[in-house]
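Colleague: Please show me the model. Then let us go through a few of its features.

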Amino acid sequence: MDTRIRWIRFGSVAAAFALAFVWQVWAGVEPSGSQTGRASGAKVVIVAPEAGAVIDTEEVTVAWNLQGISPDAAQSVAVFRNGKVQKTFTGSQIAKEMSCIITMGRGEQVVEVVVTPAAGREIRESVTLQSEASGYRALLVEKTREYEKTHTRVTNDCATMAEIHGDESIPGPAKKAVFEQFLKDRPDDRECRPQVEQWLRYLKDRENMVLVPGGTYRMGCTQGDPLCEADESPPHYVTVSSFHMDAYEVTVAQFEACVHAKGCNENFVIVTDQPQCNYGRDDRMTHPMNCVNWYAAEQYCKWRGKRLPTEAEWERAARDANSDNIYAWGNAPATCDRAVMNEDWAGCFRDKTWPVGKKPKGKTLSGLYDMAGNVAEWCGDYYHSGFYRSSPGEDPQGPVAGLGRVLRGGGWTDPAGRLRASDRHFGSDTNSVLTDPTTGFRCAGD
Ligand SMILES: [Ca+2]
Ligand SMILES: [Ca+2]
């Protein structure tokens, strides 16, 4: 390297150091490393809100000025609420006059602005506010670091809850904390409490649900499957959006909870004279809810903030995204080792359903139990034997009308053919008592 260039480079670095030192002395900021002294006259002035102000909105605009300190000399400016950092500004975000919106918690709130100079001690200024905000947003921000979106200024808590529910980017535990706080605060609320309760039930249920990732798969008859029937053709590609699926068939205990909470109508399910119907029998609480009509199944799922899966979703979940799987577990034959079915006798010699989840060898790779056997499962769609000839390619919802509703996966009285992932079957969708002990369901959710 040319000596002259080297000297110029050294010279500019040296000049920069010298200038920085001179500025620090001039501005009254002590050079780095020094623990003594304080920037004389350097301060933060909070312009708004005024100390003691009563805040009744979920968010408040905090405005402040830097005095006696150049924005260039500040490394960062941070805004705290009750000791927790809310916003941080660095580099060109820092100006003489600044403001930001922060979410309000409940009760007394101390808002503090802290300027960290490039050298020397922090400069702080705080203001104490009286907050009448419900604090749900602040709680949400506290519960999740990822949630830093700018909110619309909604002061209606019902709308806030709906917004939180609908935002997929908020982690479940954070949503749960906010919903629980809301229910605690509003014991007598009639307007939105039932809805929030439902969302909370769904959040809790998620723990027992499996995420089925969206994607394209071949729906219908599996190549080389000798048991395929006409209504499984033509095999065709469908794209299904991501959804969640219950890991287990809905149990008697779960359904009973819905009846007790008056979310489900007991009239459609009480069947005392049919010994193979499970409802109302204390020794079958962990058995699948069976003898249940389509409407009661749909009503239950709705109560839990869910819905019945579409036929395309059900098959996608049963195949585990592998279109070559004949059964939920793969291509090994259907036997009582893997499913509650009719191998040599109905219900694998028990002549009724089994408690859910008792055939772990038959679960799908993603962890769905009893997708084949135990009870055949209601789907949301109407059944039509020729539907595959005209099915839409994306998130098909079934035909607009049909003979009945789709049933999938076969039940405890069915042979291997009915347990195949592509097998289609249907049941009458009259809204009356159903006495079929081989029919049950599970729910899906978005
Ligand atoms: Ca089943
Ligand atoms: Ca069939």
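Modeller: Helix α2 (residues 136-143) and helix α4 (residues 172-185) pack at an angle of about 150 degrees, with axes 9 Å apart. Axes are lines fitted to C-alpha atoms, for helices over the stretch in contact, and angles run from 0 to 180 degrees between N-to-C directions. Helices (H or I, at least four residues) and strands (E, at least two) are DSSP runs, numbered from the N terminus. This is a predicted model: local features need pLDDT of at least 70, side-chain atom pairs count only at pLDDT 80 or more, and totals for chains, interfaces and linings use all residues. Residues are numbered from 1 along each chain as its sequence is written, while chains are lettered from A and ligands numbered from 1 in the order written.

Colleague: Is α2 roughly parallel or antiparallel to α4?

Modeller: Angles under 35 degrees count as roughly parallel, over 145 as roughly antiparallel, 65 to 115 as roughly perpendicular and the rest as oblique. The angle here is about 150 degrees. So α2 and α4 are roughly antiparallel.

Colleague: How many residues of helix α8 are buried?

Modeller: Buried takes 20 or more other C-beta atoms within 10 Å of a residue's own, exposed 12 or fewer, partly exposed in between, with C-beta atoms placed from the backbone. W314 is one of the buried residues. The count for α8 (residues 311-319) is 9 of 9.
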